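Please read them with the structure open.

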Amino acid sequence: MQKGIRLNDGHITYLALLAKKDGTRRGCLSKKSSDNTKWHSKWFALLQNMLFYFENDSSSRPSGLYLLEGCACDRAPSPKPSLSAKECLEKQYYFTVTFNHDNQKALELRTEDVKDCDEWVAAITQASYRNLATEHETLMQKYLHLLQIVETEKTVAKQLRQQIEDGEIEIERLKSEIAALLKDNIKIQSNPEVPPSEDDTEIKKIKKVQSFLRGWICRRKWKTIIQDYIRSPHAESMRKRNQVVFSMLEAEAEYVQQLHILVNNFLRPLRMAASSKKPPITHDDVSSIFLNSETIMFLHQIFYQGLKARIASWPTLVLADLFDILLPMLNIYQEFVRNHQYSLQILAHCKQNRDFDKLLKQYEAKPDCEERTLETFLTYPMFQIPRYILTLHELLAHTPHEHVERNSLDYAKSKLEELSRIMHDEVSETENIRKNLAIERMIVEGCEVLLDTSQTFVRQGSLIQVPMSEKGKITRGRLGSLSLKKEGERQCFLFTKHLIICTRGSGGKLHITKNGVVSLIDCTLMEEPEGTDDESKERSGQDTEHLDFKVMVEPKDVQPFTVILVASSRQEKSAWTSDISQCIDNIRCNGLMMNAFEENSKVTVPQMIKSDTSLYCDDVDIRFSKMMNSCKVLQIRYASVERLLERLTDLRFLSIDFLNTFLHSYRVFTSAAVVLDKLITIYKKPISAIPARSLELFFASSQNNKLLYGEPPTSPRASRKFSSPPPLSITKTSSPNRRRKLSLNIPIITGGKALDLAALSCSPNGYASMSPFNLSVREECDEDPSQSDEAEAEMSSPKSPSTPKNVKSKNSEFSLFNFNNGMVVSSCRELENNRSALSAASAFAIATAGANEGTPTKEKYRRMSLASTGFPTDQRNGDKEFVIRRAATNRVLNVLRHWVSKHSQDFELNSELKMRVIGFLEEVMHDPELLTQERKAAANIIRTLTQEDPGDSQATIEEITKMAMEESKTEPFENHSALEIAEQLTLLDHLVFKVIPYEEFFGQGWMKNDKNERTPYIIKTTKHFNDISNRIASEILQWDDVNMRVAVIEKWVAVADICRCLHNYNAVLEITSSLNRSSIFRLKKTWLKVSKQTKTVIDKLQKLVSSEGRFKNLREALKNCDPPCVPYLGMYLTDLAFIEEGTPNYTEDNLVNFSKMRMISHIIREIRQFQQTAYKIDSQTKVAKYLLDNSTVLDEESLYEASLRIEPKTSS
């Protein structure tokens, strides 16, 4: 084996002297030493493509030789000089010669003259022959191309010559045959007496030639036809179709192999391990983890064998019957997909057992697994049904419509899509049930109401519960105190039917407080609690002012009680009260509608919904999913804007999830003005809020049929007329300065309170007239308490203040209910007949009782409606119309309240919309038929729109930045403790995060070219993340001492761990990502000195915020943590981008993809939940100044240069 080469020393010396004498370029240059530390002056001479260098110009022998062929020569930037050498280095000019040989170091040279530098660069570039080499390569390619053309032409010419020769031979043969035939013809003509014989051999030859020519022409024609077909689109489509089938076979083989590994490498060994003496896992856990994966494997093995058999009979390829066999068995995937998340949770729980974790790592280390984890194998079946759908979609794209398999494949695709939708909906529904069960498992005492599958989770958070004294008053001196904030902190969970209030123990477990399970059907919400003057003064000036709200609970069999909760900010309070009010109003609305229509024994509200096919049957303008919402109505998948507005204003039900989704996303498919117009229409014409098909089931009279079909209404019940309230007749005991509260205490509803509702009837003029019954009226005087006491004594019996006084008989005047500006006033009207009926006034009593005494149950409504039996149909129908008007008013005010409180920016940015809403609500308040609670709700909405929002007491990021910049000096990192830095970093991160408006999360604006205009707050959050990350890296790299760098790293890791405890996962990722930068990660000497404990903490934090499994660990942590919290925004942006890219806003039929809007809304609701709860951390200007001061922060390139300066690269 040759170990080296020999050079002719004499010949090299001769060439060197020739270069020195007649070289292209000669001169003195500085050459960098091999260790890159010094520069040495050498004398260089260039001859053709050889560069010689001598010790000096008088040397006779060269010191070295460089072959320049193929090299590259370029000017190089001057290195940054030190202060002492700056004057000298300014006159130096550098250039570099890079060789294309392996393992040959670049030649670095410098001159003192820029012209000399440029001439050397030009000369070396010319000597490298790179241009010649490029031209040579180009010419060689052209030459090869021409050779190919010549060879092709030769072959074609040879073929043509052969064809010509064959043609000439054929022509000569035919000529000879023609000549022979002519001679025979002459003979025949000369001898006419001899008739030609059909069996003559010459005629046979002619027929043979004719047959040959016909066959040759036919073959040429068929060859042309076949070549045209091969080039046709149909043949290309069939080739692609066959390729799809072959790819499907390969994918199925790979999937079967994955299932085989899952079963044989994991499932069966773990079953054996579970049967051992010391099992690391139980059989139940094995079944919960692997579910029915073994059955799935057997199914696909059979399907794969069938596919291979069909491929063997190719090109007769028929697959539809295989899918017909497969489809009925694919239902086994429903169980797997439904419980997949649960199986991963069980696996994570089992991994906490060291023996199991060790055993599992042994299984995962097998060669078949190819470094894939068990979680990866368990995820493969999740994507198989969508993979089949994509395959069939591609197969159908290349299958002609007249193909024999077209209909069968189309049917298989539709069935798979239907199965996929069912599985998706079941996963969503199962997630909701799991959420309830997860909360139930966290409660030590358990909570039976959460086992109700109809419960839908709405929100959770931390609130402060104010203790009440035995008399039901707030304990003095404690509201707003520090001890109350610690002792009164409660974890609250809101569901569609219940509010759960818990305390958190030291181990993280929850304990239900006394009266902690609140049934919303018995609740009344008071957003602005009305207390005594002393309580008002006590609350004023404290940090809990305007942040508390009351939930008044009046259970059927228990003593009434009141829960006072305090939020941390106005925004959080608004969110809680809006959701609680929505839940209560839904229950009440359902109850009122159920009672109003219960008189007809054949039809109830559930039957009305069931009989309305528009609520569950797909139509041209709406499509439904298989999942039901909290109102037990199918969720909308796709719908037109008109159908979405119809669902928003349908009085029979309103899902909280639908309302939140609609208000979050309506800007994508409609405008605020359209939504407001629809609400105004429903208020003015409430009869249109229920579809005509459902109303026909109830309204049978001709009067109401006229209302249904658009004839002008003759009764004030059918439509609303706005005018000033009618004149009020005020009794002598009343005073304009008094505020009256009507209490209709119905014994059936309130359980023993003294009101005997004996008779009510509906007079022809539309007002309610009443027969004698017991009425209790409480008057509250704003000025003179003695007058109030006299009035109460006059109206009630001496025995009990709650015992109502008997009213006069039928000949006496009786009071009419009228409402004006929050007052309930009685006016006198003579009774016209003795008949008693529970009509419009009964609905009024129900509505009043629902507003003031808690919502009655269905049984209570049923008992109330018994009083109306035996009376005319028009009176009962009038009762229904009254309830519909009440329900319509309730719905409109409910939607507006939700809109104004949770989406106030819509009105802040659109003054025209704001003024329209205020004008409409003022018009509503002048409605004489409005109930007290409705009038108060409208006034609250107007007050919310018109009052100046004082905002939170917490400073904004701009104010903190301004105060920080006013600080004269930035204190160094070592002057601040890890706790101070963690708290201030958490405060800054949350202030930046909480101001992001949810409109920026639609449309992937952060990925567009105009992202700074479309999503300025998201871009600001991203910049803040990068600035903090650069600040951490700069702090580490500014220290030359390795021990100081180690101390800084360990302190930042401590900061990250504290941020984890503060639920600031954004800061955890800021710090861990900074430590993973190449400029930090490459510091091997530094990391060797970092303690083992610190490295363990880093591994734990990196595992927590790892992007593996779509941030699986981080999502689990966010699910289990209580606000306040700062999540990593990038995780949500990734989810939103995935939803936006995978699904369009509109279908091909131009229907709104409401399923997509629902998914986006769920993400936005989670983000807003974390935005609304503020941290109770005071700003420290000095620490904020350090974190926000970017004057000493280095950019990415400078960070890497500093890293190289601290720890230079070592030659391997």
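1. Which strands does helix α3 lie across, and at what angle does α3 run to β6? The model is predicted. Helix α3 covers residues 114–127 and lies across β1, β2, β3, β5, β6 (93–98) and β7 (107–111). The angle to β6 is about 10 degrees.

2. Now the sheet itself. Seven strands make up an open sheet, and their pairing is antiparallel. The order is β4-β3-β2-β1-β7-β6-β5. The edges are held by β4 (64–67) and β5 (72–76). Each has a single partner strand, so one side of each is left without a neighbour in the sheet. From one strand to the next, the twist averages 35 degrees.

3. A closer look at one pair. β3 and β4 run antiparallel and are joined by four bridges. One of the residues to check is tyrosine 53, whose bridge partner in β4 is glycine 64.

4. Another helix on the sheet is α1, residues 9–22. Helix α1 lies across β1 (25–32), β2, β3 and β4. Its direction is at about 90 degrees to β3.

5. Backbone check, glutamine 48. This residue is not a glycine, yet its phi is positive, at about 50 degrees. Glutamine 48 sits in the loop between β2 (39–47) and β3 (50–54). Is the residue buried or exposed? Glutamine 48 is exposed, with a relative accessible area of 53%.

6. The loop in question lies between α37 (1042–1061) and α38 (1065–1075). Histidine 1063 is partly exposed, and its relative accessible area is 22%.

7. The largest cavity has a volume of about 80 Å³.

8. What lines the largest cavity? The lining consists of Lys435, Ala438, Ile439, Met442, Gln460, Phe493, Lys1119, Asn1120 and Asp1122. By class, four of these residues are nonpolar, two are polar and three are charged. Two helices, α15 (406–442) and α42 (1108–1120), each supply at least two lining residues. The largest share, four residues, comes from α15.

Definitions and conventions. Residues numbered from 1 in each chain as written. Predicted model: local features only at pLDDT ≥ 70, side-chain atom pairs only at ≥ 80, totals over all residues. Heavy atoms only, no water. 1 Å grid on protein atoms, 1.4 Å probe; cavity = no way out; pocket = protein on both sides within 12 Å on 5 of 7 lines; lining within 4 Å. Points joined across faces, edges and corners; volume = space filled by probe spheres on them. Nonpolar A, V, L, I, M, F, W, Y, C, P; charged D, E, K, R; others polar. Buried < 20%, exposed > 50% of the residue type's maximum accessible area, 1.4 Å probe, protein only. Pairing = 2+ DSSP bridges. Axes fitted to C-alpha atoms, helices over the stretch in contact; angles between N-to-C directions. Contact = heavy atoms within 4.5 Å.
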